[in-house]
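Subject: Structure handover and findings

Dear colleague,

I am passing on the structure below, followed by an account of what was found in it. Please read the notes with the structure open beside them.

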Amino acid sequence: EDCPRWFGELWKSQTAWLETGLDNSTTDWQVVVTHFTPEHGLELWERLTRDYGIDLIITGHRHQQEVHYFGDSNPLRPTAFIVSGGGGG
């Protein structure tokens, strides 16, 4: 019970931190690096990419290289996302 609650609170606080950073950013490109692929929390990533114009998400978690851009395998298009293939992130 404590563990799921702890991770839920962590997810909320890190989402707020990310949104603050994206909102205050003045860069031309918005690049996010995270461990999990956007399929984890897809509704959140759809909103973030739409609201903040994220250009690229670099992830790990899976042990295979993947590149998702305009293809049907990318629910975030036109935002691209890459899986490094190393399982890290």
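In which strand is the place of Val-31? Val-31 sits in strand S1, where helices (H or I, at least four residues) and strands (E, at least two) are DSSP runs numbered from the N terminus.

Before the details, a word on the basis of the values. This is a predicted model, in which local features need pLDDT of at least 70 and side-chain atom pairs count only at pLDDT 80 or more, while totals for chains, interfaces and linings use all residues. Residues are numbered from 1 along each chain as its sequence is written, and side-chain values use heavy atoms, with hydrogens and water left out.

Surface patch

Val-31 has a relative accessibility of 45% and therefore counts as partly exposed; on this scale buried means under 20% relative accessible area, exposed means over 50%, and partly exposed lies in between (1.4 Å probe, protein chains only). Together with Trp-29, Val-33 and Ile-58, Val-31 forms a nonpolar patch on the surface, and the accessible area of these residues together is about 420 Å². Patches are made of residues with over 30% relative accessible area and no salt bridge, with like charges joined within 9 Å and nonpolar side chains (Val, Leu, Ile, Met, Phe, Trp, Tyr) within 5 Å. Accessible areas come from the Shrake-Rupley method with a 1.4 Å probe, and for residues only the protein chains shown count as cover.

Largest pocket

The largest pocket holds about 440 Å³ of space. A pocket here is an open set of points on a 1 Å grid over the protein atoms alone, where a 1.4 Å probe fits and protein lies on both sides within 12 Å along at least five of seven lines; lining residues have an atom within 4 Å of a point. Grid points are joined across faces, edges and corners, and the volume is the space filled by probe spheres set on the points.

The lining of this pocket consists of 17 residues, and those nearest its centre are Trp-11, Gln-14, Leu-18, Thr-34 and Trp-45. Helix H1 (2-24), strand S1 (31-33) and helix H2 (42-52) each contribute at least two residues to the lining, with H1 giving the most, nine residues. By class, the lining has 11 nonpolar, six polar and no charged residues, where Ala, Val, Leu, Ile, Met, Phe, Trp, Tyr, Cys and Pro count as nonpolar, Asp, Glu, Lys and Arg as charged, and the others, Gly among them, as polar.

Gly-41 belongs to the loop between S1 and H2 and, at 31% relative accessibility, is partly exposed.

Salt bridges

How many salt bridges does a search of the whole structure find? The search finds seven, each being a side-chain nitrogen of Lys or Arg within 4 Å of a carboxyl oxygen of Asp or Glu.

One of them joins the side chains of Glu-19 and Arg-47 at 2.9 Å, N to O. This pair links distant parts of the chain, since Glu-19 is in helix H1 and Arg-47 in helix H2, 28 residues apart. Glu-19 is buried, with a relative accessible area of 18%, whereas Arg-47 is partly exposed at 27%.

Another salt bridge brings together Arg-5 and Asp-2 (2.4 Å, N to O). Because these residues are three apart in helix H1, about one helical turn separates them. Asp-2 is exposed, with a relative accessible area of 54%, and Arg-5 is partly exposed at 46%.

A further salt bridge connects Glu-66 with Arg-62 (2.8 Å, N to O); Glu-66 is buried at 12% relative accessibility, and Arg-62 is partly exposed at 24%.

Backbone points to check

A cis peptide bond, with omega about 20 degrees, joins Arg-77 and Pro-78, and Pro-78 is found in the loop between strand S3 (66-68) and strand S4 (80-83). His-61, in the loop between strand S2 (56-59) and S3, has a positive phi near 70 degrees and is partly exposed, with a relative accessibility of 30%. Most residues other than glycine have a negative phi, and most peptide bonds are trans.

With best regards
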